[in-house]
Amino acid sequence: MAVEAFLTAAATVVGKDHVIADPSGLAPFARIMLPLPEKEHAPAGVVSPKTVEEVQALLRLAGEHKAHLWPTSTGRNFGYGTSATATPGQVILDLRRMNRILDVDPVLCTALVEPGVTYKQLQDHLRAEKLELWIDFPAPGPLVGPVGNTLERGGGTTPYGDHFGNSCGYEVVLADGTVLRTGMGGVKDTTSWQAFRYGYGPFLDGIFTQSNFGVVTKMGLWLMPAPPAHRSGMAVWQKPDDIARLIDALRPLRFDGTIGNFGTLADCNLILASSKRRRDVYDGPGALPLEVGLAEGRKMGLGAWQYLFSVYGRPDRVASDWAVIEKAVVAAGGTLVPDVYDPMQVGVLSLKTFSLLNWVGGHGLAWFSPVTPMRGADAARQMTLARGIMDRHGVDFMTGMTLNGREGLNVMPMVFDRSDAASTARHRACFEELIAAFGAAGYGFYRTGIGFMDKVAAVHGEAQIEVNRRIKRALDPGGVIAPGKSGIRI
Amino acid sequence: MIRATIILLSLVTPTLASAQSAGQWRGPEHIWGASCGYCHDEGVGPQLRGRKLPAELIPPVVRQGLPGMPSFHPSEIDERELASLARWITRSPAPARAAAK
């Protein structure tokens, strides 16, 4: 077997303690939360290098043995596939042992890190150095790291929430062992690798995100100077139909920077599911009915929609921005609840978002993540479309949308019991119908999980699939790295 | 040479102090505080301390996970660290906040 021969050879590179091939050792890496059978995504092994040289050697060996390597950083990606591979039989290239913080520049407020560095590790380091710098992290912040989340184009909810947009300079090992430093990193004795992301000529960083064109072994990122003041709040709208006017009211506040972060627009059910057990709210057939969710939410002071946001800056600016927001929210029929604390928005690591998994208690989670152009009419159309399909499949509707540049990322979690085969099948069918329906309505996607990548790639069109294939053939002609990632193959 | 060594150490030492992969943890309390506690001290998962849970039952759960709990890989916590963490959880008293409830 090619994979067995590769794993034997890999042990001579990384040491046998850092190669896993037995089924019990592989089980933690095969475990997924998506509504898919684990066997369709089961890895054949795990290799954990410590150095760039070991990554180069492993890529060469994989090419010789025709093995496939699926790179992971901390291997989380909850609800998008965890560590598991797009197709069965791939070997996970687990980069968690590569976890050096190589540089923190307190003047330019930048860092250079390896893939295994976690947000918690980076934050602890900044505190030990007494640096007043914030990092921005996604919901599973303490357990995951900047490289993996940025390469998936994940986001957070401080003003630096666009992780790809705040990354600066990558080191990438290509399938033939070539080491590429992007942007200013190619300059001998570079002084500005983390200072200017575009470099000279084509800007390449993007092709190494959500892709399989190389293995990123270092990444620069910008850190946010701790703001002198900040204030968080929650704007509440009572009716489901308020979605259009609230988006139209919030959009100008985002565009002119009055609201300093993406924030999170949570529907009533998302907060219910994060704080209650489903059986205590509804035990009838089918999906949680709209009116039942709203009635339960009202007991907690919730409306149909809650926008959790923050303003940042000097105290006078915070006060004046707050006043503008309050006026706009009230004019649009909402109410503003001051000083609602969302730890993620103020640089405090937390895993409280994952209380969501207690809703049904079965380790099933899949994020359906279409992009909403930031128009009220589009947001309303998406919510109606999604809820209609979910209701038919008996899937609870919930969403947490971030308001980014000109778009909202309409991230809808599906929470279900993976040990219930019928429920898992319903959620899979629902997810696939949603992809098709949103594509047919002219919407595309910000991200998706293993098992759904080909379908989402198809929505984005044959020309994109073909160009990605040409790039793949040029950079990885043997198709060694992560075949099937984002629907890309040789 | 000595000067170069000192500069090198000053660059590297903070990284090691905060390092959080297998073989780098400073002890079970460090693991708990940087990882487990975010759920098990915050009501996301159940409190485990103060329950005298059998230490031998803990490592398989950490590796395989439970409904709602992720699995943890050997590259983030090794067998020796996991065994030490399990013993620490078993013998730890309930935290003051939980005990007061």
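Predicted model: local features only at pLDDT ≥ 70, side-chain atom pairs only at ≥ 80, totals over all residues.
Trainee: OK. At what angle do the axes of α7 and α9 of chain A cross?
Mentor: At roughly 65°, and the axes come within 9 Å. Helix α7 covers residues 268–275 of chain A, and α9 covers 290–299. α7(A) and α9(A) are therefore roughly perpendicular to each other.
Trainee: Is that crossing left-handed or right-handed?
Mentor: Left-handed.
Trainee: And which residues of those two helices meet?
Mentor: From α7(A) you have A:C268, A:N269 and A:L272, and they meet A:G293, A:L294, A:E296 and A:G297 of α9(A). Sorted by class, that contact has three nonpolar residues, three polar and one charged.
Trainee: Now α11 and α12 of chain A. How do they pack?
Mentor: Their axes are 10 Å apart, at an angle of about 150°. Anything over 145 counts as roughly antiparallel, so α11(A) and α12(A) are roughly antiparallel to each other. For the residue ranges, α11 is 376–393 and α12 is 421–440.
Trainee: Which hand is the crossing there, left or right?
Mentor: α11(A) crosses α12(A) in a right-handed way.
Trainee: What does α11(A) put into the contact?
Mentor: A:L385, A:A386, A:I389, A:M390 and A:H393. Across from them in α12(A) are A:R426, A:A429, A:C430, A:E433, A:L434, A:A437 and A:F438. By class, the contact of these two helices has nine nonpolar residues, one polar and two charged.
Trainee: Let's zoom out. What domains does chain A have?
Mentor: The domain assignment gives domain 1 at 2–96, domain 2 at 101–225 and domain 3 at 229–449. The C-alpha centres of domains 1 and 3 of chain A lie 35 Å apart. Their contact takes eight residues from domain 1 and 14 residues from domain 3. On the domain 1 side, six are nonpolar, two are polar and none is charged.
Trainee: Next topic, chain B. How many of its residues are in contact with chain A?
Mentor: 24 residues of chain B, against 33 residues of chain A. In chain B, α1 (2–18), α2 (28–40) and α3 (58–64) each supply at least two residues of that side. The chain B side divides into ten nonpolar, eleven polar and three charged residues.
Trainee: What about the confidence scores for chain B?
Mentor: Its average pLDDT is 85, and 79% of the residues score at least 70. Over residues 1–14 of chain B, though, the pLDDT is below 50. Beyond near neighbours in sequence, that stretch has three contacts in the model.

How values were computed
Residues numbered from 1 in each chain as written. Chains lettered and ligands numbered in written order. Axes fitted to C-alpha atoms, helices over the stretch in contact; angles between N-to-C directions. Helix = DSSP H or I, 4+ residues; strand = E, 2+ residues; numbered from the N terminus. Parallel < 35°, antiparallel > 145°, perpendicular 65-115°, else oblique. Left-handed = near helix turned anticlockwise from the far one by under 90°. Contact = placed C-beta atoms within 7 Å. Nonpolar A, V, L, I, M, F, W, Y, C, P; charged D, E, K, R; others polar. pLDDT = per-residue confidence, 0-100. Domains from an automatic or database assignment.
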